[in-house]
Amino acid sequence: MGLMRRWASFVKRVVHIIAKPIKGDSGRGGMVVHPYRGYGSQNEVFVMGRVFRQAALGRAIPRHGMLRDTADVARRIFRRGLANAQVEIHLGENQLCVGTDRDGYFDMHLPISHTLPIDVSWHRADILVHCQGEMPVRTHVEVYVPPPEADLLVISDIDDTVMFTGVAEKLKMLYRLFVKKPHRRTAFPGVAALYQALHRGASERIERPILYVSRGPWAIYEMLEIFFQINRIPVGPILFLREWGISWRRPWPRRAEDHKRDLIDRMLTLYNDMPCILIGDSGQHDPEVYIEIVKAYPHRIKAIYIRRVDKDPAREEAIQRLRDELAGTECDLVLAADSVLIAEHAYAQGDISAHGLAAVKRDVEEHRNDPDPT
């Protein structure tokens, strides 16, 4: 009975989380705007989001409980993007208006002509959306602009780099995420402490930009936000997901490696005077993509950290050959079995503090001593 109650709790919590993005309309339906965190510099910022039309709730549906959550999940499944909605953004005295595409997405590139405050990293952008036949909607979103003292850009994969996402582990991963205690979540041991150390730098006072990339669809954005909060991983703009766009004309999503390469190019161009480290895993083309980035930007990439997710000798030999290609460059490729090796290298490079290194070691050791790590 105890196990049944835990699984019932698991199902309820998963359904509640999936339903959460729908609840902002209080059941009235109509046009809904979902912006994603923005990012940029003192010269330009980028904000993405989507405009939906969703159904209203019937009067017989209660305001709270499992039935309401289930109804909201159904509304989420059947909601559709609104094309040609007009999206206005105001960031300080800077403003721009764009239209949504046929799937309801907007992708705003806002030039900064009026300087933003430099004493904060997160800025509020106000958004107003108009669409024919719908009531206007106002909302806002946070936009990250690194402080002047930021000295390093961190670009990290999410899947099998920050969190376990193996196909065979999907159900177990969800169980850990929504039922197990916080220290038994789905993040790799030491990840939270490592990314906190990288975010704060050797002085422990810097707020470096950390940008996360996933090969998953935009539909999991909220799940990723919750995962980061639960595991105390520094929040960055989790903007780099793919719209799978499965249709008769394009029956498969864009290749993950092409998606990742284009985004890294975009980030290195945006922060064109900032060194960078790249973090990924050994199982999903990350080493190959990152080597090409080093060749294109030979003086920008300080290190490539690759988390070893399996012990395939052939794969390790392939990564060793890639490491050999970096001979004579300023970049190191580190194939790491755990977060400690990455932290030790980053500390030796002067990129994190001794306190940050100690925190990573402590986190990994606590996980090893956990009697129930699953």
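**A colleague's note on the predicted model**

1. A word on confidence to begin with: the mean pLDDT of the protein chain is 81, with 79% of its residues at 70 or more.

2. Now to the largest nonpolar core, which has 33 residues. Which of them touch the most other members? They are Tyr195, Leu198, Ile233, Ile277 and Tyr305. Two or more residues come from each of helices H4 (191-200), H5 (221-230), H9 (339-348) and H10 (354-368), and from each of strands S11, S13 (276-281), S14 (301-307) and S15 (332-336). The biggest share is that of H4, which gives seven residues.

3. Ile277 deserves a look of its own. Setting aside neighbours within four places in sequence, Ile277 is in contact with Leu152, Leu153, Val154 and Ile155, as well as Leu198, Lys302, Ala303 and Tyr305.

4. Finally, do take a look at Leu211, in strand S11 (residues 210-217). Is Leu211 buried or exposed? Leu211 is buried, because its relative accessible area is 0%, under the 20% cut-off. Leu211 and Leu153 are separated by 58 residues in sequence, while their C-alpha atoms are 8.0 Å apart in space. As a general reminder, nonpolar side chains in soluble globular proteins tend to be buried together.

Conventions. Residues numbered from 1 in each chain as written. Predicted model: local features only at pLDDT ≥ 70, side-chain atom pairs only at ≥ 80, totals over all residues. Heavy atoms only, no water. Helix = DSSP H or I, 4+ residues; strand = E, 2+ residues; numbered from the N terminus. Buried < 20%, exposed > 50% of the residue type's maximum accessible area, 1.4 Å probe, protein only. pLDDT = per-residue confidence, 0-100. Core = buried A, V, L, I, M, F, W, Y, C linked by side-chain atoms within 4.5 Å. Contact = heavy atoms within 4.5 Å.
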